[in-house]
Amino acid sequence: HPARDVHPPKPGDRLPKALPVEQVTALLEAVPVDTPAGLRDRALLEFLYGTGARISEVVGLDVDDVVGLAQTGDDGGQPVVRLFGKGSKERVVPIGSYAAAALDAWLVRGRPTIMTGVTRSTPALFVNARGGRLSRQSAWAVLKRAAERAGLEADVSPHTLRHCFATHLLAGGADVRVVQELLGHASVTTTQVYTLVTVDSLREVYSAAHPRAR
């Protein structure tokens, strides 16, 4: 049949949606930190954006997976976290100052308060109100509440912060290979989709600013 070897065009890569830095800042700062749960929620969101970790990686973390925070007595260098990605592949990711400060506040003032009176202890970094490990569903709900408080109209998920992490790094001049390592991608091809987002934003700036762009 003459149409046997005719194939439809391959759909293009679906570009991940990333929020502008201003909207991410508004999202993070929308979380009140006057309760233990608030301290946890701020630390959770700062951590997601500050490390680019998958939500499954974050809820599976234990306190001992974070090294170098002031509250551990080891603040000689930049804090890092051991993340365990797909196939249990381990990678080490630096933790920025904002995420580190939020984690410190959670581990010093928030987590101990929640764990007071809990008969069964857990090594989990992020715990729920009953002292158990925070679930993915609960972490998702934390993000949804923060997005509503910040008045964001975009559909925001935990993976959105991972997209923002990668896109903002590349827009700031980070090497795609470094971003690949931080994200835990097995192939740089997976990471390169974020460079398309950066190029798209560069086109917009160029078109708006250059006198002979149009």
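This is a predicted model: local features need pLDDT of at least 70, side-chain atom pairs count only at pLDDT 80 or more; totals for chains, interfaces and linings use all residues.
**Entry 1: terms and model**

I take a residue as buried under 20% relative accessible area, as exposed over 50%, and as partly exposed in between, with a 1.4 Å probe and protein chains only. I number residues from 1 along each chain as its sequence is written, and side-chain values rest on heavy atoms, with hydrogens and water left out.

**Entry 2: the chain as a whole**

I looked up the burial first: of the 214 residues in the chain, 42% are buried. By the Shrake-Rupley method with a 1.4 Å probe, where for residues only the protein chains shown count as cover, I note an accessible surface of about 12,400 Å² for the chain. Carbon and sulfur atoms hold 53% of this surface. Along the principal axes, the C-alpha atoms fill a box of roughly 70 × 50 × 35 Å.

I then turned to contacts, meaning heavy atoms within 4.5 Å. Of those between residues at least 6 apart in sequence, 55% join residues at least 24 apart.

For charges, I count Lys and Arg as positive and Asp and Glu as negative, leaving out His and the chain ends. Each charge is placed at NZ of Lys, CZ of Arg, CG of Asp or CD of Glu. The chain has 25 positive and 22 negative charges, and their mean positions lie 6 Å apart.

**Entry 3: secondary structure**

I use DSSP runs numbered from the N terminus, with helices being H or I of at least four residues and strands being E of at least two. On this basis I find nine helices and three strands. Their order along the sequence is α-α-α-β-β-β-α-α-α-α-α-α.

**Entry 4: the sheet**

In what order do the strands of the open sheet stand? I read β1-β2-β3, with antiparallel pairing. The edge strands are β1 and β3, each of which pairs on one side only. Two strands count as paired if DSSP finds at least two bridges between them.

Strand β1 (residues 66-67) is joined to β2 by two bridges, and I note that Val66 stands opposite Val81 in β2. Between β2 and β3 (residues 90-94) there are five bridges, again in the antiparallel sense. Here Arg82 has Val92 as its bridge partner, and Phe84 has Glu90. The hairpin of β2 and β3 has five residues between the strands, and there Gly87 takes a positive phi near 70 degrees.

I also checked the faces. In a regular strand the side chains alternate between the two faces of the sheet. In β2 (residues 80-84), Val81 and Leu83 form the covered face, whereas Val80, Arg82 and Phe84 form the uncovered one. In β3, Arg91 and Val93 point to one face and are buried.

**Entry 5: salt bridges**

Side chains of opposite charge can pair when their charged atoms come close. My criterion for a salt bridge is a side-chain nitrogen of Lys or Arg within 4 Å of a carboxyl oxygen of Asp or Glu. How many salt bridges does the structure hold? I find eight.

Arg145 pairs with Asp41, with 3.7 Å between the closest N and O atoms. Arg145 lies in helix α5 (residues 136-150) and Asp41 in helix α2 (residues 36-51), so this pair ties together parts that are 104 residues apart in sequence. Arg145 is partly exposed at 36% relative accessible area, whereas Asp41 is buried at 8%. A network of salt bridges links Arg40, Asp41 and Arg145.

Arg54 pairs with Glu57, the closest N and O atoms being 2.6 Å apart. Are these two side chains buried or exposed? Arg54 is buried, with a relative accessible area of 12%, and Glu57 is buried at 5%.

Asp62 is in the loop between α3 (55-59) and β1, and Arg133 is in the loop between α4 (97-115) and α5; the two are 71 residues apart. I record Asp62 as partly exposed at 23% relative accessible area and Arg133 as partly exposed at 34%.
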